[in-house]
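Please read it beside the model.

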Amino acid sequence: MTWSDLYALLPVLVLIFGSTVLLMAGAWRAAFSTMVAYGILFSLAAAATAVFHTPGSHDVAGFFLIGGYSRFFSILWPIVAALTLTISFRYGADRGFSGGEYAALILFACAGMVLLSSASSLVSLFLGLETFTLALYILIAFHKGSPLGAEAGLKYLVMGGVATGLLAFGIALIFAATGTFHISEVSILDASNGQFHAVTLFGWGMLLAGIGFKISLVPFHLWTPDVYQGAPSPVAGLLATGSKGAVFAALVFLLGNLQLSRTPLANLLWVLSAASMLIGTLCALRQNNLKRMLAYSSVVHMGYLLLALLAGGTSGHTAILFYLVAYAFVNLGAFAVVTVFSSCATEPQSYEDFKGAGYRQPLAAAALLVFVLSLAGIPPTAGFMGKFAIFYAAIETGYTGLALIGILSSLVSLYYYLRPVIIMYMSGDSNTPSFSMMASEKSVLILCLIATLILGVYPGPLFDVITGILP
Amino acid sequence: MNPLSSLPILSLLIWLPLAGGLGCLFLRPVRHASRWIALGTTGVVFALTLFLFITGSSKNGWLFFEDHAWISRFGIRYTLGMDGLSLLMTLLTAFLLIVAVLISWQVSPYPDFFFSLLLLIECGIMGVFLSLDLVLFYLFWEIMLIPMFFLIGVWGHARRLYAAVKFFLFTLAGSLLMLLALISLYLLHGQQTGDYSFALSALIHTQIPPNLAWWLYGSFFVAFAVKVPLVPVHTWLPDAHTEAPTAGSVILAGILLKTGVYGLIRFGFPLFPGPAHASLPILAVLALAGIFYAAWIAYAQNDAKRLIAYSSVAHLGFVILGLAAWNLTALEGSILQMVNHGITTGALFSMVGMIDQRAHTREIARLGGLWTRVPVLGAFFLFFSLASLGLPGLNNFTGEILILLGTFTTHPVWAALALGGVVFAAIYMLRLVQGVLWGPTKGDEPWTDLSGREALVLIPLAILVLWLGLHPSTFLEPVREPVQLLLQGSMFPSMPGGMP
C-alpha cells in the first residue's frame, strides 16, 4: 500500500473516517439529529471528494480499480446514503434510535458499496459485499422494539450467511481452476474448446447463486418481502437501491469482458431473468402492503437489469448504469414517502392506510404517484427512459423473447402499481389525522421527484457521462 | 409569411396547456381561479389554432416545423410538424377542450385538480398530433393516458375504477408492443444506413424484410386499433365512456379515438406500405363488423350514455372503412367524418350530462317527455341526434356519403353492406330520441331549461353541425394534399430548408 493507493481511495477513506468519528462521538453525545446531520455532512463530503478527485486510472494492489467507473459510484452511493440519513431525522428520533451508531453504520455500509463497485478482484468483491451486508444486518433490526424488525434482521442474517457461503465456495472453486483472483483473468475461457473448465463453471454457478441471494433474483428472493416489511423504511430504501445497485455495478465489471453469450452462463441468466420478471410480477399482484409490493417490484426490476446484463455491450451496460441511477432516486423516494407517513408508533404499510392521501397530503401523494408510474415505466419519468434503454439493448442483441417477457410483465405490473394510486385518489377519504412534513423530509421528496422527472425528459447528459466511464 | 412564424408556435400549442395545468394546481388557494385559467388557456390555444387554420389552410406542405436535438445517445429528436391533417385535428382538439371546460364549470370535488388534468390531456393530445419523431410520439401517446385515467377514476360514475383500470391496461397493452416494434425498426434502419434516428422522415425509407414487416406493422396496428377502437378490442370503450364524467366522455369520444386513426394514417401506413395495403380487406371486414355489431348492441342499451358510446364504435367503423377503400374521396370522407363524429358525439355526451344533472338518471326507461318539459333542450337533443344518424344537410351525412361513394367506386359490396349500417344507426338513434323526448313526463318537479352557459356550449356545436353539413369544403381543403401524398405513398411534402 503506497500513498498514491491511499490517495486513490480517498472517498472511501472519508466515509470510513466519518463512520469511525461518529461511532466514537456517539458514546459522548447522543442527540440523534446532531449525529445524523454530521453523517449527512460526511457522506456529502465523500461525494464531493469523488467529484473533484481525479487520480486517473489506478490499480490499488490488484484489489480495486479506481477510475471513471468507480468514481461514478463513489458519487452515487454517498448521495444515496445522504438521502437515507436526511429522511431519517424524525423517523429515528421518534423511535429512539441512537444517532451515533445509526449514522456510522449507514456510512460504513456506503463505504462497502463504494468498495464493491470498484472491486477488480474476487477477494475485494467479497470484502465489499460483506462490509455492507454486515452493516445492514444491524440496520435492518435497528428498531429494538419492533418484532417484525427482529424477524427481518434474523431472516436477512440467515439468508446472508447462506449467500456468503455460496459466494466464498464459488470464489474458491474459481481460484482452484484458474489460479487467480483477478477479475480480468478469471473470466477467460478455456483455450482448448472455448468453454469453461467444469470446475470453473461450477464456481461461477455458486458465485451467481450467492449474488442471486443478494439482489433477490427468483428463486433466491424469498427473504425480500419479509425483510423489506420489517426493516425501518429508510434502511429498506438503502437496501433496495444501494446494496442491490452496488452488486450490479460489480456484476457489470465481473461479466463485462466475458463473452457471455458463448458460455452456458447465458442460459442460466436467461432463466433467472425471465423467472424474476414473471414470478416477481405475479407475487406483487397479490400484495396489499406497500413495502411488500415494492419488494416484489424490486425482484422484477432486478430481472430487467439482468436482461440488460445479458444483452451486454455498450448499450446493455449503459442501460444498467442509467437504470441504477433512476432506480436509486425512484425507490429512495418511494420509501421516503412511507417514512413520511410513519407516525411515532407505526409505519403505514397496508394500502388502506393511504386512503384519501392524495387530498390530505398532496405533495407526498403526488410524489408517490410519480414514483410508482416511474417504476411502471410510464413516460415522462426516469423509469420509462431506463426501460427504453434496456429494451433497446435487448432487441439490439437479439434477446427479443426476453424483451417480450419484459413487456408482458410491465403490462401486468401496471395493475399493482395503480392500486396504491387508486387508494390515494379514488377511494374516498378516511378520517386519519393529517400531519405536516419536516423540511428535511420535504426536500428529499422534492429532490427525488425532480430527479425522476428530469431523467425522464432530459436524460441526454447522464447517458453521455455513462458512455464516457464504462470500463 | 405570417407574423407568428418567428414563434415556436407548435411548441406553444403543446406547452401552453401544460403551463395552464400547473397554474391551476399552484393557484389552488384562489377560489375559482382554476376554471378561469382553464378557460383562458384553452381559449388562447383555440385562437392560435384558428388563426393557423385561417392563414394556413390553403398552403401546401408543412405549415410549421420545429426540430431540435434531444437525446443524442439514441438519435431521438424533438421534431414537430404541422400539415393540413394535423391542423384539422388540432383545431378539433382545441375546440372540444373549450367545450369540455365549459360543461365542467361547476365540477366538484377538487375543481383545480380536474381542470389541470383537462389541460394536461390537451398537452398530450396536441403532442400526439404534432410529433414527427417516433419516440416523442410514443411519449405523448402515453402521457394522454394518465390524466384520463384520473378523470375517469376520480370523477366517474359507479363503476369508475373498473373502467379506468381497464382503459389504462387495454391502451398500454397495445402501446408497449408498439414500443418494441419501433425500437426494432430503428435498429433495422440504423444497420442499413448507419443513420440511427427515430425521425419518421428517415424511417419510412427502411427496407424491411416482408416477414418482419408484418410483425412490426401488426404491433403498430394493435396499438392504434385499441384506440380507434376496432371490434375485437373495443370492450374498454363502452365502460370508459359510460363511467367517465361528461367532459371525459367528450374528450374520449371526440378526440382520443381519433388519435388511433391519425396514428394509422401518419405512422402505420407510411412506415409499412406493403403490409398496410395487403391488410386493407381485413381492415374493411373489421370496420363492417364494428358497424353492425356496435349498432346491434347499441340498440339493446338502456343507458343513454352507453348507447352513444356504442354508436361511437359504429361511426368509427365508417371512418376505418373509408381508410380501407383507399381512394381520395373515401379518405377525405374518413377525415371529415372524424371531425363530424367529434362534434356530434361531443354534443350528445354533453347533452346527456345536462339531462343527467336534472333527472339524476341516464336510463332511457326512466326518462321521457323532455320535449314538453324542457323544449329548448329537447330541440337541441333532437337536432344532434338527427345529425348523428346522418340526416342530409347535417354533418354526418356528408362524411358518410363521401365514404360510401369512395368505397363504392372500388368495392361496391362493402359500400352496399355499409349502407345497411346507416339504417341501423337510424334505428338505435330514433329509439333514443323516442325514449328521451317523447312519451309521458316522468316525475313532476319543474326543470329549468337550458342555462346560458349550456347554450354557449351547444350553439357553436350546432353551427358547426350545419357548417360541416352544408359547406364541408372549408374543412376538406387543408387535408386534400396530405391525403394525395398518402395515396401516392410519399408521406412528406418537400419543405424549404429540407427535412433533418
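The points below go from chain B as a whole to one pair of its helices.

1. This is a predicted model, in which local features need pLDDT of at least 70, side-chain atom pairs count only at pLDDT 80 or more, and totals for chains, interfaces and linings use all residues. Residues are numbered from 1 along each chain as its sequence is written, while chains are lettered from A and ligands numbered from 1 in the order in which they are written.

2. Chain B contains 21 helices and two strands; these are DSSP runs, H or I of at least four residues for helices and E of at least two for strands, numbered from the N terminus.

3. Along the principal axes, the C-alpha atoms of chain B fill a box of roughly 75 × 60 × 45 Å. Of its 500 residues, 60% count as buried (20 or more other C-beta atoms within 10 Å of the residue's own, with C-beta atoms placed from the backbone).

4. Helix α4 (residues 111-130) and helix α6 (residues 145-155), both of chain B, pack with axes 9 Å apart at an angle of about 150°. Axes are lines fitted to C-alpha atoms over the stretch in contact, and angles run from 0 to 180 degrees between N-to-C directions. The angle makes α4(B) roughly antiparallel to α6(B) (over 145 degrees).

5. On the α4(B) side the contact is made by B:Phe114, B:Leu117, B:Leu120 and B:Ile121, and on the α6(B) side by B:Pro147, B:Met148, B:Phe150, B:Leu151 and B:Trp155. Two residues are in contact if their C-beta atoms, placed from the backbone, lie within 7 Å.

Conventions
Angles under 35 degrees count as roughly parallel, over 145 as roughly antiparallel, 65 to 115 as roughly perpendicular and the rest as oblique. A residue is buried if 20 or more other C-beta atoms lie within 10 Å of its own, exposed if 12 or fewer, and partly exposed in between; C-beta atoms are placed from the backbone.
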